[in-house]
Structure formats: C-alpha cells, structure tokens
Amino acid sequence: MGFNEHIYREFARLYDGEMARIGFHEKWKALFDRLRIPGKRALDLACGTGTVALELAGRGWEVEGVDASAEMLEVARGRAGSAGIRWTRGDLRTFEAGKPVDLVTCAFDSVNYLLRPEDLAACFRQVAAHLAPGGRFLFDAITPWGQRAVWGDGAARIRHGEGWFGVWEPRRLHRLSQLALTYFERDGAGAWRRWEETHTERGWSKSDLGRAARAARMEIESLWDGSTCQAPGPRAIRLHAVCRPVASGRIGI
Ligand SMILES: C[S@@+](CC[C@H](N)C(=O)[O-])C[C@H]1O[C@@H](n2cnc3c(N)ncnc32)[C@H](O)[C@@H]1O
C-alpha cells in the first residue's frame, strides 16, 4: 500500500457522525439528480465509509469502492446495502479495479490528500485507464483559496458527542494544510483513551486540475463552484468537475 493508509485508523469510527453534521453528502445526492450521468458500472475512489458508493448502488449502479484505509472500508462493509458492492483496498495513484466503468467518482476533498502535482496526475491517469468509452470522472477538490479560508486562521475547533470529544487544530505549511486531530474516547469500562491523527492536504486550482487532466489525456468538460453551482471565481472554496477522455489527436490543442 502507499501513503495515507493509516490516517483514518481512529477517525473512521466517528467519520459518519461527523459528516452527517456537515451535510456534505447531500450535495452529492443533488449532483446525481442534476447530472443524471448515464451508465451501469461505477467506481467510487477514496470511497471511505461508502456513502457515495451506497448512493450509487441505490440508484441501480453496479459499484466498486476503493480506499487506502482498511478501517474506513471496514465501516463501509458493515453498512446496510453494502453487500452488493465490491470493496477494495487501493491507492488513488495505483489502484486496479476489475472492469472498465462508465463513471468514476471521488468525493469530499479526497484528491486533496494527494500532495504533489505528479500524484494528482498519476491518479487521473489511473482514472482514464479505467473509464469505458464515453465514461466520466466526477470529483470535487478544495482550492488553495478554500484551504486558507477554511483552515488558514489556525483557530482550534472543539468537537464533541456521546462518549467522546476532540480538538481540530489547523496549521498552514507552504501550499499544504495540516489538521491535527486529538480525540478522547470513553471505552466500555468508562476510561478515557486519547488518540491523535494528522491529516495533510493540498489545495488544487482550476489550472492544477486542468494540467492533471491533460497529462491523463482527459479534458475538463464542466467545472463549477460547489457552493454556488456557478462558474468558479477566485474565491471558490471547493470546485466540482466532470472530466472525460480526449479523442486521440486532440490533446494539447
Ligand atoms: C474525506 S474522506 C472522503 C471519503 C468519501 N469519499 C466520502 O465522501 O465520505 C477521504 C478518504 O480518502 C482516502 N484516501 C486518502 N489518501 C488516499 C490514497 N492515497 N489512496 C486511497 N485513498 C486515500 C482516505 O482513506 C479517506 O477514506
């Protein structure tokens, strides 16, 4: 396995509860309603605990979910409706899925865990290699501006729930942002256990994404600001994009 296989080792247990509070996946459901991408087979990259993969399966897609984290995949496998989905451990840059697919998805800033342009390009190349003719790649990415706006002020955030509390401490490192998580969880005997995880991400701009797409012989078919659903301005926090393979001979024109 590659890098990042351990980052969700602990947070996997709390991830779904935390995400439900943010409500991010509602946007993805709305996207599927709006885009109505045709096809039969889908691959959800960096599927995590499987919310997007399950949503696609519920819409009749045959789905495979790929993620680096054994713990996130374990949560996914335990969810209702997961039995018909193939869950595979793999890295965004090197994954191998069974069959060509009509749709590849990669949700919730997962491409931001790739820290170098060459990692992003490697991921896009793998996606292109897995797309059936006419297939599409639908993903989102937080922008460099978004990282500064969301994580840039360094202010810690406190999170708490039944039997746990935690602190999110953001830190800026030239081009990258880090989120240090420190959590305390009460075990069955009532004792508190402390754990820590550090998540490092890199914001990607429209031109970064365009370069990675070109390197993979794909093009960005549409791109919009995830908050406004309009063409992204310089202060877009998160971009959503659909990419498609380019017919040979058209690349670079
Ligand atoms: C913010 S979560 C998003 C999970 C899921 N897509 C969702 O919408 O809830 C980021 C996911 O990316 C995965 N990830 C990070 N780096 C990865 C890599 N190099 N290869 C595969 N998965 C990776 C993590 O394990 C985690 O499950």
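Start at helices α2 and α3: α2 passes α3 in a right-handed crossing. A crossing is right-handed if the near helix is turned clockwise from the far one by less than a right angle, and left-handed if anticlockwise. This is a predicted model: local features need pLDDT of at least 70, side-chain atom pairs count only at pLDDT 80 or more, and totals for chains, interfaces and linings use all residues. Residues are numbered from 1 along each chain as its sequence is written.

**Stop 1: α2 and α3**

Select residues 24–35 for α2 and residues 51–58 for α3. Helices here are DSSP runs (H or I, at least four residues), numbered from the N terminus. The two axes come within 11 Å and cross at roughly 30°. Axes are lines fitted to C-alpha atoms, for helices over the stretch in contact; angles run from 0 to 180 degrees between N-to-C directions. α2 and α3 are therefore roughly parallel. The cut-offs: under 35 degrees is roughly parallel, over 145 roughly antiparallel, 65 to 115 roughly perpendicular, and the rest oblique.

Now show the contact residues. α2 brings His 25, Trp 28, Lys 29 and Phe 32, and α3 brings Thr 51, Val 52 and Glu 55. Contact means C-beta atoms, placed from the backbone, within 7 Å. By class, this contact has 3 nonpolar, 2 polar and 2 charged residues. Ala, Val, Leu, Ile, Met, Phe, Trp, Tyr, Cys and Pro count as nonpolar; Asp, Glu, Lys and Arg as charged; the others, Gly among them, as polar.

**Stop 2: α1 and α4**

Select α1 (residues 12–22) and α4 (residues 70–77). Their axes lie 8 Å apart, at an angle of about 60°. The pair is therefore oblique. α1 passes α4 in a right-handed crossing. Pick out Ala 12, Tyr 15 and Asp 16 on α1, then Glu 71, Met 72 and Val 75 on α4. This contact has 4 nonpolar residues, no polar ones and 2 charged ones.

**Stop 3: α5 and α7**

Go to residues 117–130 for α5 and residues 206–215 for α7. The axes come within 8 Å and cross at roughly 50°. α5 and α7 are therefore oblique to each other. The crossing of α5 past α7 is right-handed. On α5, show Pro 117, Leu 120, Ala 121, Phe 124 and Arg 125; on α7, show Asp 208, Arg 211, Ala 212, Ala 213 and Ala 215. The classes here are 7 nonpolar, no polar and 3 charged.

**Stop 4: the two domains**

Colour 12–144 + 203–245 as domain 1 and 147–201 as domain 2. These bounds come from an automatic or database domain assignment. The C-alpha centres of the domains lie 24 Å apart. Domain 1 gives 11 residues to the contact and domain 2 gives 10. On the domain 1 side, helix α1 supplies the largest share, 3 residues. That side has 6 nonpolar, 3 polar and 2 charged residues.

**Stop 5: the ligand**

Last, select the ligand and its shell. 21 residues surround the ligand, each with its C-beta atom, placed from the backbone, within 6 Å. The closest are Asn 4, Ala 46, Gly 48, Ala 68 and Ser 69. The shell divides into 12 nonpolar, 6 polar and 3 charged residues.

Note on methods
Helix = DSSP H or I, 4+ residues; strand = E, 2+ residues; numbered from the N terminus. Contact = placed C-beta atoms within 7 Å.
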